[in-house]
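Please examine the protein shown here, first its sequence and then its fold.

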Amino acid sequence: MSFEVLKSGLLSTFQDLGRLQHQRWGIPVAGALDINAHRLANLLVGNRPQMATLEMNLFPPTLKVVQSCCIALTGAHVSPLVNDSKAPMHRPIVLRSGDVISFGPRLDGARAYMAVHGGFQLDSVLDSASTYLRSAIGGFDGRALKKGDVFQIHKPLHNVDLDALAQELWDIKFSLKSSVIRKDVSRLRVIKSAQWDDFTPESRANLITQTFKVTPVSDRMGFRLEGPPLRLSQPRQMISESVVFGTIQVPVGGQAIILMADRQTTGGYPKIGYVASVDHPALAQMAPGDVFTFGLIDVAEAQMLDARRERAFADLALQLQPFSRLLNAAVAA
């Protein structure tokens, strides 16, 4: 045993980078909503980005540590506690058998992520451990965690001075760029879709000048928005097309839906635009009631912003190599 769930929290599931090669068969991608937080958590404990993290929504679970290990917490600042003492975000945390991880007030964001050095023991389904709730596959029995669950890790810490290891990890300095941890949700950058010109001039103007709100009718499949109705200039029939994370589709009624990680693979509603991938993590940190605006950018700018983020992650990976070396040595001891 490695962790026991004392309190379930709200919809805590294991997610990795998703099922990327199976959409042609109608299999949704799933995967972490905030890919930046997921990648950062793994880097902080010396893991590859493909390894699963625990995605915790709004109200995280309470966990008991059964085997000593090293974790990292990223994403929404959820005031982590270890045995009722404050624990850091965005740093490796050495845990001992018997420790209890809980969380205080949520200070920002909607989703936090926990990685453990060596990864969690999860069954892979179609090349991914991501939980897809609608089909009950992946993760922990294809479902969210509940009280009493016990899940395993691959590399507990044995035969090592945990206090010394914790101090060595704490002494390593590094810097986090805003492109890695940006959580500002006030403005999302969007790219025009092929159907942009099919919407009325008023609708196109409203998209980039008016505010929108995330409604409670939102989940990992899509965020339903409340805002000015977006209308087509004239009715049209559409053949279903492939959809991606960040697609802004507009069903009958004119209230937009932004498709998320658990989206369907195709959709027949008209699409007014796409949230740029660099802003997917900011989108993922929204909660019902959050208000924001959209701003237009072109494909070239979106690619430039994405390349800047990738350079920041590459630089961070180099900075964090000492974490990987220390933890690998500790596990091998």
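The structure is a predicted model, in which local features need pLDDT of at least 70 and side-chain atom pairs count only at pLDDT 80 or more, while totals for chains, interfaces and linings use all residues. Residues are numbered from 1 along each chain as its sequence is written, and side-chain values use heavy atoms, with hydrogens and water left out.

Helices (H or I, at least four residues) and strands (E, at least two) are DSSP runs, numbered from the N terminus. Helix α1 covers residues 35-44 and helix α6 covers residues 299-319; their axes come within 11 Å and cross at roughly 15 degrees. Such axes are lines fitted to C-alpha atoms, for helices over the stretch in contact, and the angles run from 0 to 180 degrees between N-to-C directions. How are α1 and α6 oriented to each other, roughly parallel or roughly antiparallel? The two helices are roughly parallel, because angles under 35 degrees count as roughly parallel, over 145 as roughly antiparallel, 65 to 115 as roughly perpendicular and the rest as oblique. The crossing of α1 and α6 is right-handed; a crossing has this name if the near helix is turned clockwise from the far one by less than a right angle, and is left-handed if the turn is anticlockwise.

A salt bridge is a side-chain nitrogen of Lys or Arg within 4 Å of a carboxyl oxygen of Asp or Glu, and the structure holds 12 of them. One of these joins K271 and E241, whose closest N and O atoms are 2.6 Å apart. K271 belongs to strand β19 (residues 271-275) and E241 to strand β15 (residues 241-242), so this pair ties together parts that are 30 residues apart in sequence. K271 is buried, because its relative accessibility is 2%, whereas E241, at 32%, is partly exposed.

A further salt bridge is formed by R309 and D306, with an N to O distance of 2.5 Å. These two residues are three apart in helix α6, so about one helical turn separates them. R309 has a relative accessible area of 5% and is therefore buried; D306, with 22%, is partly exposed. R309 forms a salt bridge with E310 as well, and here the closest N and O atoms are 4.0 Å apart. E310 counts as partly exposed at 33% relative accessibility. Through shared partners, salt bridges join R39, D306, R309 and E310 into one network.

Several buried positions may be considered next. I248 lies in strand β16 (residues 247-249) and counts as buried at 0% relative accessibility. C70, in strand β5 (residues 69-75), is buried at 1%. Its C-alpha atom is separated by 9.6 Å from that of L44, which is 26 residues away along the chain.

The loop between β2 and α1 contains G18, which is buried because its relative accessible area is 12%. G18 and L81 are 63 residues apart in sequence, and their C-alpha atoms are 29 Å apart in space. A30 lies in the loop between β2 and α1 as well. Although A30 is not a glycine, its phi is positive, at about 60 degrees; A30 is buried, at 5% relative accessibility. L126 is another residue other than glycine with a positive phi, near 55 degrees. Its place is in the loop between β10 (111-116) and β11 (150-151), and it is partly exposed at 39%.

Which residues make the nonpolar surface patch of about 340 Å²? The patch is made by L10, L11, F59 and L133. Patches are made of residues with over 30% relative accessible area and no salt bridge, where like charges are joined within 9 Å and nonpolar side chains (Val, Leu, Ile, Met, Phe, Trp, Tyr) within 5 Å. The accessible areas come from the Shrake-Rupley method with a 1.4 Å probe, and for residues only the protein chains shown count as cover. L11 lies in strand β2 (residues 10-15) and, at 35% relative accessibility, counts as partly exposed.

Note on methods
Buried means under 20% relative accessible area, exposed over 50%, partly exposed in between (1.4 Å probe, protein chains only).
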